[in-house]
Amino acid sequence: MFSYNPLWKLLIDRNINKTTLAENCGISRPTIAKMSKGEYVDMKTLDKICNYLKCSLQDIVEHIPNND
């Protein structure tokens, strides 16, 4: 499972809201909603976010291991 909590914290630190992120990255609001629910988004979307925020993937996504 993956969590986007690092992204949300980074946005708060940089005073950027989700709407601004979506507009400046060229991604849809439904995609932002999927991320808010911890759902899968493609690597192309994550690449756009990393380029916009000038950060690395580990700055916006966290892997949470399954306890199966």
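This note goes through a predicted model point by point, for a reader who is meeting the structure for the first time.

1. The nonpolar core. The largest nonpolar core holds 20 residues, and those with the most contacts inside it are Tyr4, Leu7, Leu21, Met35, Ile49, Leu53 and Ile60. Two or more residues each come to this core from helix 1 (5-13), helix 2 (18-25), helix 3 and helix 4 (43-53). As background, nonpolar side chains tend to be buried together in soluble globular proteins.

2. Leaving out residues up to four places away in sequence, Leu21 touches Leu7, Leu11, Ile16, Ile32, Ile49 and Tyr52.

3. The buried residues in helix 4 are Thr45, Leu46, Ile49, Cys50 and Leu53. Because they cover an arc of only 135 degrees around the axis, they lie on the same side of helix 4. Met43, Lys44 and Asn51, by contrast, are exposed on the other side of helix 4. The cover over the buried residues of helix 4 includes helix 1, helix 2 and helix 3.

4. The two ends of helix 4. At the start of helix 4, a side-chain oxygen of Asp42 comes to within 3.2 Å of the backbone nitrogen of Lys44, and Lys44 is itself one of the exposed residues of this helix. Just after helix 4, Lys54 takes a positive phi of about 55 degrees, a residue considered again in the last point.

5. Thr31. This threonine is placed in helix 3, which spans residues 29-36, and Thr31 counts as buried because its relative accessibility is 17%, under the 20% cut-off. Its side chain is joined to that of Ser28 by a polar contact of 2.9 Å. When neighbours within four places in sequence are set aside, Thr31 is in contact with Val41 and Thr45, and Thr45 is among the buried residues of helix 4.

6. Cys25 is in no disulfide, and its nearest cysteine sulfur, that of Cys50, is 9.3 Å away. Cys55 is likewise in no disulfide, although the sulfur of Cys50, the nearest cysteine sulfur to it, is 4.3 Å away; a disulfide would need the two sulfur atoms to be within 2.5 Å. Cys25 counts as buried because its relative accessibility is 10%, and Cys55 is buried with a relative accessible area of 17%. Cys50 is one of the buried residues of helix 4.

7. Asn15 has a phi near 55 degrees, a positive value in a residue other than glycine, and Asn15 is placed in the loop between helix 1 and helix 2. Lys54, also not a glycine, has a positive phi of about 55 degrees, and Lys54 lies in the loop between helix 4 and strand 2 (62-63). Are these two residues buried or exposed? Asn15 counts as exposed because its relative accessibility is 73%, over the 50% cut-off, and Lys54 is exposed with a relative accessible area of 73%.

Key
Residues numbered from 1 in each chain as written. Predicted model: local features only at pLDDT ≥ 70, side-chain atom pairs only at ≥ 80, totals over all residues. Heavy atoms only, no water. Helix = DSSP H or I, 4+ residues; strand = E, 2+ residues; numbered from the N terminus. Buried < 20%, exposed > 50% of the residue type's maximum accessible area, 1.4 Å probe, protein only. Polar contact = N/O pair within 3.5 Å; in protein donor to acceptor, adjacent residues only side chain to side chain. Contact = heavy atoms within 4.5 Å. Core = buried A, V, L, I, M, F, W, Y, C linked by side-chain atoms within 4.5 Å. Arc of directions from axis to C-beta.
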